[in-house]
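Here is a short briefing for a first look at this structure. Please keep the sequence and the 3D view open while you read.

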Amino acid sequence: MRREDRKSVADVIESNTRRVSVDELVLRGKRHVRIISGSKALELVEAIVDATIARRAGELADIDRDRVVKEANEQFQRVSRIQAEAEGLIERQKELIAQQAQRAAELEDRLKRASGSLKRRERRLANARQTILNYDGEIERLAAQVRTDARVIDDLRAALQDRAEEAKRLQEVLRDRAARPAEDGLTQLRDEFAELKTLLRERETAGAADMQRQFRASLDETLDKVSRTIHAATARPEDRPIEATDALVSRIFDRAGEMDSNLERLDIEVSTTRADIHKSLARLKRLREEPPAAAP
Amino acid sequence: MTADPQRIEFDTFEDVAAPLPRAADGKPPRTEVEVVPGKGLDVGTANLLSAVQRKDGRVTVKRERNMFLEVPSTAQRSRSMLTRLNVPYVSYRDRLYVLGDSSFSLANMFGSEVRRPMSEGFLSPREQEAIPMLRFIVERPLGPRTVDHPPASLPLPLPSPAHENPPSYHRGVIESLLKKLGYEPHPINEGHAVVYAELAEQDFTGIGISCGGGMFNVCVAYRTIPAVTFSVSRGGDWIDEHVAKVMGLSRTRATDIKEAEGLNLTDPRSREEEAVVLYYRNLIEYVLRNLAKRFALAPDVPSFTDPVEIVLAGGTSLVGGFVEVFAQELKKVEFPLKVASVRRSEDALTAVVRGCLIAAALDQ
């Protein structure tokens, strides 16, 4: 075998293989490896060429054989070079793909974060919308309350003005009376008393009971209206309109004469529940005695 | 006892009192049982319950439906007959009204509608005779005051965000009514009453939900302290209203179907029951959605280290399959707390009134 041929085969093997230490092979679990020498590789090339030539026996002279071996060797080196380049290209593409995959993972992570942030913002937006809606309702309610309050204040102001005018008129009457002689005043009182007696007689004839009922109904209605107005003017969710409701409920109880029932004469079914309250009660009492615990 | 363990009817109670023999004056002889001072009262939209603790430790409960029915004035002549039939009535302003369970039975029989002093947890603004009738309906289970039990803890319904009726008026009327009857009212939140009655094992930490006729009241408590309390103004009545509408029935009839023995939300047997199931599921989903929303909005929700228990109580939770459907719907909601389990009170109808009784006993 020629020296240059052996060298070229060694170069090809060098460029197309990678060096692996024995330790690494052991780590991979390899216990046996197959090895091939450069001369053996060249022998294989030559054998392939010989085999090809043998198929065409007699067609080529020895000179031709050497030339074919040389050309085949060159061809082998060329193919090996192309192979090495191709493998280099594959390695670079693999690196590129790995970079792209890493980039895609980063983008996906950013997308996830952005999606989470979007959801949080949507929730906050929905909450804010709900808050606005609640405020809208509250504002409307307060506006209605203010309108009612204003109406009540106007009514009260008008009533106050009426009272002031009435008081003024009464003062004038009293002043007039004081100025008149006592006998005149007595006569006037007698006349007024006579008028009242006549009026009462007329009312009696018209049906005193009817009038009394009407008067009571009218009074009830007015009282109801007043209590409702007071409630509307003063009620707030945090208020405790106990006094107003006390009056309202008292009126129901005051009408006991208008009501009749048989509840006193009837019994209501009494049941005994299986669930007892001892455990809860004992535990609550114990918890009350314990020092307060911090909230979680 | 009924076959369905989910459904607790009144006939499952022990020691149900038999009708008492009557004395010559027509009044039943009163058997005085020694009781511990303090009474609990649950003024619900659908039912009124009162509870006392006997000296022997047992808790006795009286219940009446919170409704009435006007009967024709010709029945005025039949008052003695009504008394003989044990039907409570009230005559007011020349009109005759039958109260409570009897009004429900009569209305159901004649296909008419009962009248309700309360709606959506509060005094009904649409009912003219709400206060006078409520006075009698409250008086019936509560009974006359004795010197031994002046306090009567009553649950206080909380306003839901959408509610227009101010709760202070309702609360004021009920408190005035009780004061007039000789009691000293101490309000307590309905959900909190459930926590008192049902979460002793958990040191009163967890979520109590009172599923009532007019509203659902929720209380999240940490060691007895209510951290978040709120309500939604939908309940059993909402189901009745919609079932009646879609099936062309009276509301009283729809209530009767909803409360029928054997109804199970996981296995409806008729068209009417299917409608009931549909609206029950819708109601539970609505309540849970609001619950989650409320948690999202509330700034003061405690973050519990351990998963919490949810206890359901109230008449609307009595239907078979309620807990299962509740748990199914809970899984669909993004709930901010870890839930260890969902269960119904052993005696769901009386849980609130028992909680009130506990509160009354604590005040002693």
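An open sheet of 4 strands runs in the order E1(A)-E5(B)-E6(B)-E4(B), with antiparallel pairing. The model is predicted.

- Two strands stand at the edges: strand E1 (259–261) of chain A and strand E4 (68–71) of chain B. Each has a single partner strand, so one side of each is left without a neighbour in the sheet.
- From one strand to the next, the twist averages 25 degrees.
- E1(A) pairs with E5(B) in the antiparallel sense, over 3 bridges. Across this pairing, A:Met259 has B:Tyr92 in E5(B) as its bridge partner.
- Strand E5 (residues 89–92) of chain B and strand E6 (residues 95–99) of chain B run antiparallel and are joined by 4 bridges.
- B:Val90 has B:Tyr97 in E6(B) as its bridge partner. B:Tyr89 stands opposite B:Val98 in E6(B).
- E5(B) and E6(B) form a hairpin, with 2 residues between them. In the turn, B:Arg93 has a positive phi of about 50 degrees.
- Which way do the residues of E5(B) point? B:Tyr89 and B:Ser91 point one way, while B:Val90 and B:Tyr92 point the other way. All of these are buried.
- Helix H2 (residues 100–110) of chain B lies across E4 and E6 of chain B. H2 runs at about 100 degrees to E6(B).

**The largest nonpolar core**

- This core has 46 residues. B:Ile207, B:Ile209, B:Leu312, B:Phe322 and B:Phe326 touch the most other members.
- Several elements of chain B give two or more residues to it. The strands are E11 (206–211), E12 (216–222), E13 (225–232) and E14 (308–313). The helices are H6 (236–247), H7 (251–258), H8 (271–297) and H9 (322–332).
- The largest share, 13 residues, comes from H8(B).

**Strand E14(B) and B:Leu312**

- How many of the residues of E14(B) are buried? The count is 6 of 6, and the strand is mostly covered.
- Both faces of E14(B) are covered. B:Val308, B:Ile310 and B:Leu312 lie on one side, with B:Glu309, B:Val311 and B:Ala313 on the other.
- E14(B) pairs with E11(B) in the parallel sense, over 4 bridges. In this pairing, B:Ile209 stands opposite B:Leu312.
- E14(B) also runs parallel to strand E15 (residues 339–344) of chain B, joined to it by 5 bridges. Here B:Leu312 stands opposite B:Arg344 in E15(B).
- Leaving aside residues up to four places away in sequence, B:Leu312 touches a range of residues. Including B:Ile209 and B:Arg344, these are B:Cys211, B:Ser317, B:Phe322, B:Val323, B:Phe326, B:Val342, B:Arg343 and B:Ser345.

**Helices H5(B) and H10(B)**

- Helix H5 (residues 190–198) of chain B and helix H10 (residues 351–362) of chain B have axes that come within 7 Å. The axes cross at roughly 80 degrees.
- H5(B) and H10(B) are therefore roughly perpendicular to each other.
- From H5(B), the residues in this contact are B:Glu190, B:Ala193, B:Val194, B:Tyr196, B:Ala197 and B:Glu198.
- They meet B:Ala351, B:Val352, B:Arg354, B:Gly355, B:Cys356, B:Ile358, B:Ala359 and B:Leu362 in H10(B).
- The residues of this contact divide into 10 nonpolar, 1 polar and 3 charged.

**Two loop residues with positive phi**

- B:Glu120 has a phi near 50 degrees, a positive value in a residue other than glycine. It lies in the loop between strand E7 (118–119) and strand E8 (122–123) of chain B.
- Is B:Glu120 buried or partly exposed? Its relative accessibility is 39%, so B:Glu120 counts as partly exposed.
- B:Phe204 is not a glycine, yet has a positive phi of about 60 degrees. This residue is found in the loop between H5 and E11 of chain B.
- B:Phe204 counts as buried because its relative accessibility is 0%.

Definitions and conventions. Residues are numbered from 1 along each chain as its sequence is written. Chains are lettered from A and ligands numbered from 1 in the order in which they are written. This is a predicted model: local features need pLDDT of at least 70, side-chain atom pairs count only at pLDDT 80 or more; totals for chains, interfaces and linings use all residues. Side-chain values use heavy atoms; hydrogens and water are left out. Axes are lines fitted to C-alpha atoms, for helices over the stretch in contact, and angles run from 0 to 180 degrees between N-to-C directions. Angles under 35 degrees count as roughly parallel, over 145 as roughly antiparallel, 65 to 115 as roughly perpendicular and the rest as oblique. Contact means heavy atoms within 4.5 Å. Ala, Val, Leu, Ile, Met, Phe, Trp, Tyr, Cys and Pro count as nonpolar, Asp, Glu, Lys and Arg as charged, and the others, Gly among them, as polar. Two strands pair if DSSP finds at least two bridges between them. A nonpolar core is a set of buried Ala, Val, Leu, Ile, Met, Phe, Trp, Tyr and Cys residues joined through side-chain atoms within 4.5 Å. Buried means under 20% relative accessible area, exposed over 50%, partly exposed in between (1.4 Å probe, protein chains only).
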